[in-house]
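Student: I have a new structure open and would like to go through it. Can we start with a side chain?

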Amino acid sequence: MSRSAHPAGPRHADVLPEGHYSAPPADLNALDPKVWARTVARDEHGVVTVGGIDVKRLAEEFGTPAYILDEADFRARARAWRTAFGSEADVFYAGKAFLSRAVVRWLHEEGLNLDVCSGGELATALSAGMPADRIAFHGNNKSPGEIERAVRAGVGRIVLDSFQEIVRVAHIAQSLGKRQRVQIRITVGVEAHTHEFIATAHEDQKFGIPLAGGQAAEAVRRALQLDGLEVIGIHSHIGSQIFDMSGFEVAAHRVVGLLKDIRDEHGIELPEIDLGGGLGIAYTSDDDPREPYEIAKALTEIVTRECEAARLGTPRISVEPGRAIVGPTAFTLYEVGTVKPLEGLRTYVSVDGGMSDNIRTALYDAEYSVVLASRSSDAEPMLCRVVGKHCESGDIVVRDAFLPGDLAPGDLIAVPATGAYCRSMASNYNHVLRPPVVAVDGGEARVIVRRETEEDLLRLDVG
Ligand SMILES: *Cc1c(COP(=O)(O)O)cnc(C)c1O
């Protein structure tokens with residue numbers, strides 16, 4: 001196992017055991033609908049198309065690498081979450097997965113709310129017209145300036161992450177003559193079935209206030225005494241890329257336990273609980289994510305059952321999917337620059353991007369798949385590693401993949417499921433320019449985030 005693997009094994013995350021690769025797929029040209037955006041297909045010439053446009057045209061018009069986002073798919077997934085939870089619950093899209101003004105508008109139109117966790121994300125949300133009362137502000141170290149902007153803007157909720165922040169937000173709200181709606185983020189001691197680096201609800205970590213030792217109850221006690229705060233609920237986020245609902249079950253049980261203690265001590269029933277995000281998507285054909293309606297049904301049942309057992313009214317539920325909405329809607333389009341066979345090992349395929357546009361493989365040992373996109377091929381499969389152009393041997397995009405043996409420089413290859421945490425975590429390492437995000441819908445393509453230019457780089461570098 002690699003250095004950062006989850007101790008409980010590969011099924012706990014998007015962790016790839018070292019030396020693991022499955023047999024070549026039966027058909028290298030196939031596009032598994034599990035990992036591809038909904039409108040992706042191959043046309044009669046074998047070229048991959050999305051939203052009715054083929055990737056050769058996209059590469060010509062917008063260059064490579066580029067993130068190609070299927071707008072209809074994004075809207076459909078956002079709507080599926082919204083519909084699955086109905087009017088009894090709220091869906092907050094986690095902006096950190098990927099945020100742009102177009103995305104904010106789509107979310108607004110589809111009836112979703114939005115999580116932000118920095119001044120920059122808040123500015124993006126507000127500038128694209130998301131009503132402030134539909135924004136939740138997160139983060140374990142919001143600056144006083146960020147808090148003030150959020151309170152002034154009138155965000156629907158601030159999620160409090162520490163004892164110091166309880167006082168800080170209360171003070172700022174009061175000095176502005178406001179009463180800020182807040183949730184208190186607690187850690188319930190649940191270790192989600194996910195990668196260690198992105199698990200967030202076990203106790204030894206930076207987020208939230210531990211339920212253990214009565215700390216969460218004490219946080220509620222203090223917050224209830226402060227005039228600047230209106231405590232509306234409890235928040236719990238247990239991790240990322242989760243497939244197994246049992247973590248949410250335990251988390252909900254513990255959150256409801258706290259609601260019951262609060263009722264017994266203070267005589268009030270807090271009206272909301274937020275169960276966070278973290279729902280997994282298929283990065284490869286081996287992953288089997290659940291549909292939003294199944295997740296909604298399971299979560300609603302869990303909370304209802306727990307509340308009945310505790311003789312509490314059922315609070316309003318909210319959830320915060322990021323990856324599960326945007327992840328599958330985009331792929332990264334690269335041009336192959338070199339193809340280097342290493343005898344008895346594998347073939348290294350170098351593309352015109354790399355760890356600067358997808359850090360997840362290097363950071364989390366994340367698993368991806370890849371296809372030849374600019375044509376189909378009947379050549380024999382060859383075992384490949386798709387690597388970037390950075391000065392770093394860990395610069396890997398797809399660790400183990402089969403591509404056709406006739407792959408050559410100039411071919412376009414596409415890596416699916418890169419909608420979440422790729423553009424949003426992109427860097428300028430080696431002064432490589434961050435790729436654009438191109439939204440495709442109904443035969444039309446348009447840039448929603450433009451490619452970075454050398455001018456952009458030099459503008460920041462003031463000499
Ligand atoms: C990251 C995060 C999410 C979204 O996680 P996904 O894995 O993208 O669904 C939701 N809520 C909080 C508080 C987060 O930090």
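Student: Is R221 buried, exposed or partly exposed?
Tutor: R221 counts as partly exposed, at 29% relative accessibility. Buried means under 20% relative accessible area, exposed over 50%, and partly exposed in between (1.4 Å probe, protein chains only). This is a predicted model, where local features need pLDDT of at least 70 and side-chain atom pairs count only at pLDDT 80 or more, while totals for chains, interfaces and linings use all residues. Residues are numbered from 1 along each chain as its sequence is written, and side-chain values use heavy atoms, with hydrogens and water left out.

Student: Which residue forms a salt bridge with R221?
Tutor: E218, with the closest N and O atoms 2.5 Å apart. A salt bridge is a side-chain nitrogen of Lys or Arg within 4 Å of a carboxyl oxygen of Asp or Glu. E218 is partly exposed too, with a relative accessible area of 23%.

Student: How many salt bridges does the structure hold?
Tutor: 29. Among them, D288 and K34 meet at 2.9 Å, N to O. D288 is exposed at 55% relative accessible area, and K34 is partly exposed at 30%.

Student: New topic. How far apart are the centres of domain 1 and domain 2?
Tutor: Their C-alpha centres lie 36 Å apart. Domain 1 is 41–70 + 328–460 and domain 2 is 138–321, with bounds from an automatic or database domain assignment.

Student: How many residues are in contact there?
Tutor: 8 residues of domain 1 with 7 of domain 2, contact meaning heavy atoms within 4.5 Å. The count of salt bridges between the two domains is 0.
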